[in-house]
Amino acid sequence: MNTDKIDWQSLEFTCTREQNPPFDPEADHWYRTARNYQKKDEEAFATEIVALYRQAIDKNHYNAMLRLGLMYIQGVGVQPDERAAVDLAERVIDLGVASGYYQIGVFLQQGIGVRPDRAASLAYMRKAADMGNKEAQLAIGKKLIGIKEKDIRERVAPVAVAMLDCAFGQGLAEASYELAWYYAKDTQETAHALKAFQAAGKLGHRQSLYNLYSIFNKGEYGVDKDPVRAACYERLWREVKTNKDATFPKLDRICPLPPAPMPKF
Amino acid sequence: MALTDTTAHADIALNSQREVRLTMPWFAENSKYPPRPTNLIEPLVNGERAFAAVHEAIANARTSIDIISWGFDPSMRLIRPGGERLGDLLRRKADKFARNDGTFLEPSVPVRILIWKNAIANMGENNIIGDGLIGSGGGTALGSGVGGLESAGGGAATDDGFNAYGDNHLNSAAVRALDDEARAFNRAWFRYQPLDMEFRTRDFSFYDRAAIADQQRAQSGMAGASRTGALAAFASHHQKVILIDYESPDDAIGFVMGHNLLRNYWDTDSHEYQSTVRDGFAPWQDLSCRVRGPVLFDLNENFMTAWDRADTGRNKMSWSEARRARRAEDFIAPAQRRGGATLAQICRTQPQENDKGILAAYRLALANARNYVYFENQYFRYRQFAELLRTTRRRLKAAGWRRDFHIFVVTNTPDDHGRVNTYDMLAALGQGQMMPAMHKNASGQRDPDSALRTADLEGVNIHVCTLLASGRGGQYKNIYVHSKLLLVDDVFFTLGSANINTRSMETDSELNIAAPAPALTRQWREHLWRIHTGAAPGEDMETEFDRWERMIKANASDRKLGAALAAPLVEFFDNEDAWLAPD
């Protein structure tokens with residue numbers, strides 16, 4: 001691969017946090033009501049949910065736009081209409097909100113309401129990432145880390161790490177999870193990997209807790225088998241399975257990473 | 001697609017007992033054949049096992065051998081290395097003057113072989129090796145022996161979702177260009193047939209095709225005009241069934257198969273990257289089963305009808321009185337004696353009889369799912385199932401079901417799956433560029449048979465995977481998944497010839513066996529998940545889901561780094577992202 005033609009500089013990334021206009025309070029109340037209905041029984045309350053989202057959308061509630069768009073794609077409460085979802089995501093963009101760009105990026109990637117176009121998808125995701133959207137930062141970070149050509153991958157790795165760090169800094173646990181795998185397999189820096197899994201685990205990231213359990217249970221990546229520590233993570237992993245919103249801000253005290261000893265209760 | 005309504009009313013008399021056991025209904029009502037009791041079903045995972053069982057059954061046959069398949073290669077060997085060629089085995093059984101080891105004449109066994117053939121489709125893919133176009137002698141319609149090393153019956157679908165068995169010129173089932181001996185064998189085999197063997201091909205008549213086209217059009221919002229035409233034009237007979245010694249219930253055996261009788265279908269569980277015993281063909285994952293019991297009656301009905309329908313006017317053989325006299329009940333005791341205890345149903349897609357029993361069985365099974373669903377299928381392209389799964393899950397959640405259900409899929413990736421090369425990707429990722437134009441689709445529904453996207457499966461816990469064999473030095477090869485299996489909840493399974501696409505569910509002829517059989521379902525899952533994930537699976541699906549995730553992630557890294565994979569499981573949607581679903 002001719003790497004001379006690659007514009008490395010344009011790949012550079014500066015971490016930005018997403019900042020959006022505040023919601024109109026009434027619109028947000030409608031939005032939250034709709035979300036509650038949706039979590040209870042999306043099908044039974046479909047009409048109410050759609051109506052509430054539409055009201056919120058009239059007051060420029062951009063999350064309502066995205067949510068209604070998803071209902072159009074799945075055909076819940078409305079006739080399936082992927083084009084309508086695209087139009088709604090464009091309205092989000094018109095409001096200057098980064099998540100609109102990300103959503104369009106996903107639509108272009110998978111051919112939802114638009115002709116699939118992977119290159120265009122990447123451009124939209126990049127724009128969203130630069131505007132601070134954490135999902136876009138995660139998506140691009142993953143793609144850069146996933147490059148097959150070793151020399152290129154190693155060269156762009158700092159950009160990928162920067163994006164993942166930025167996303168995690170905004171609370172996206174999965175970004176730390178991706179970093180953990182990168183450290184575990186690519187650079188073989190086990191200590192960094194464990195720390196990254198731990199950081200995600202604090203936010204209740206189930207798969208990270210499972211990995212910590214598994215690593216200490218089997219003794220992988222050069223880590224000593226540690227059944228007590230493994231059991232600690234397993235307990236928390238089971239807790240997240242039943243309570244999806246659980247977080248463990250005190251994880252470093254409950255299940256500390258080595259060399260810290262396990263607490264005695 | 002709506003959930004099948006499973007509301008039922010039953011009167012229970014409590015004067016003689018106080019306990020009643022209720023089960024979910026697993027047998028679809030609008031299916032030609034009824035459920036049958038006391039069957040014995042034995043899973044046969046991969047060609048080495050399946051073909052060895054078939055070979056044994058044929059070799060020991062005494063009263064009849066009946067074969068339906070989509071493809072047929074008499075030069076192939078069922079047992080390897082060094083086994084007898086299938087054509088020789090069949091001819092020896094049908095030969096009136098064949099001798100056994102002790103030089104006694106063995107009575108000949110009537111052999112009937114019924115294979116799908118469509119002259120037009122044959123232009124591209126020769127599924128009958130050695131049989132020329134409309135009996136002209138040898139090779140494909142394009143000339144004898146034309147075709148490369150590509151496998152038969154395994155073409156990846158084009159991106160618009162149309163899995164054309166016959167329209168890919170490069171996808172020929174012809175014998176290896178170097179194997180002159182096999183080619184000559186096949187030509188000779190088709191030219192000479194013993195008196196007690198008859199070979200017929202079957203197809204859909206013009207009338208049949210028109211009827212299929214009408215059915216497709218009548219379904220609102222389904223395939224568009226060109227798709228309807230293509231489905232009708234290339235409707236194929238996809239069933240794969242073998243029936244041995246039907247006249248003699250004590251000995252009768254059947255096979256309901258995913259395997260075709262083609263040489264590239266042979267492989268072992270280990271799916272080696274390189275394998276001489278596979279004749280150089282790619283690794284192949286496929287499933288069949290052996291059956292005894294009253295389902296044989298239905299397998300026979302299907303066979304006799306199909307055979308008679310393919311009548312060429314020059315009948316060599318007729319049905320014996322013994323065969324006509326058989327009833328389903330005759331097969332109960334012989335199966336029971338061998339431990340048969342499974343209630344099972346033969347279900348089909350049979351457009352000529354307006355039978356969509358397989359679709360009905362799938363719909364019912366998916367609506368019943370509470371714990372997990374496992375699809376191992378060559379194609380995973382029937383969008384209605386994605387909707388059905390989402391609906392099932394939604395209903396469960398709304399009804400307060402605490403546990404989530406999990407879906408596991410093992411299938412094939414389409415060819416390049418929309419990959420952008422690294423250079424183009426980096427170019428597109430530059431900052432500060434103008435947003436490129438996008439081409440919006442018109443309003444309205446999408447094509448139901450196109451490839452599923454991550455988006456279609458959003459909201460359900462699902463792993464969609466494919467299988468990869470590792471060679472030395474960072475080399476990888478797809479293990480082609482040809483299986484057609486559904487498992488639900490360690491309770492129900494269905495196996496056979498039906499793919500998850502419109503063709504198999506609606507317009508081709510297909511045959512599956514379906515059974516609510518916890519032990520068997522468990523057996524399938526334990527075997528298959530062990531070979532795919534490298535470790536014996538547990539019972540808790542949430543644990544299994546996370547274990548799969550870990551294996552997939554580790555394999556993705558290993559593949560990128562050029563290391564050997566710990567197990568064949570890799571992710572299908574590895575370059576697709578989740579859409580934003582705000583809190």
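**View 1. Helix 4 of chain A crosses helix 5 of chain A in a left-handed manner.** A crossing is left-handed if the near helix is turned anticlockwise from the far one by less than a right angle, and right-handed if clockwise. By class, this contact of helix 4 with helix 5 of chain A has twelve nonpolar, one polar and two charged residues (nonpolar: Ala, Val, Leu, Ile, Met, Phe, Trp, Tyr, Cys and Pro; charged: Asp, Glu, Lys and Arg; polar: the others, Gly among them). The model is predicted: local features need pLDDT of at least 70 and side-chain atom pairs pLDDT 80 or more, while totals for chains, interfaces and linings use all residues. Residues are numbered from 1 along each chain as its sequence is written, with chains lettered from A and ligands numbered from 1 in the order in which they are written.

**View 2. The axes of helix 4 (residues 62-74) and helix 5 (residues 82-94) of chain A come within 8 Å and cross at roughly 170°.** Helix 4 of chain A is therefore roughly antiparallel to helix 5 of chain A (angle over 145 degrees). Axes are lines fitted to C-alpha atoms over the stretch in contact, with angles from 0 to 180 degrees between N-to-C directions. Helices are DSSP runs of H or I, at least four residues, numbered from the N terminus.

**View 3. Helix 2 (residues 25-41) and helix 3 (residues 46-58) of chain A have axes that come within 8 Å and cross at roughly 160°.** The crossing of helix 2 and helix 3 of chain A is left-handed. Residues in the contact (C-beta atoms, placed from the backbone, within 7 Å) include W30(A) and Y37(A) of helix 2 and L52(A) and Y53(A) of helix 3.

Definitions and conventions:
Helices (H or I, at least four residues) and strands (E, at least two) are DSSP runs, numbered from the N terminus. Angles under 35 degrees count as roughly parallel, over 145 as roughly antiparallel, 65 to 115 as roughly perpendicular and the rest as oblique. Two residues are in contact if their C-beta atoms, placed from the backbone, lie within 7 Å.
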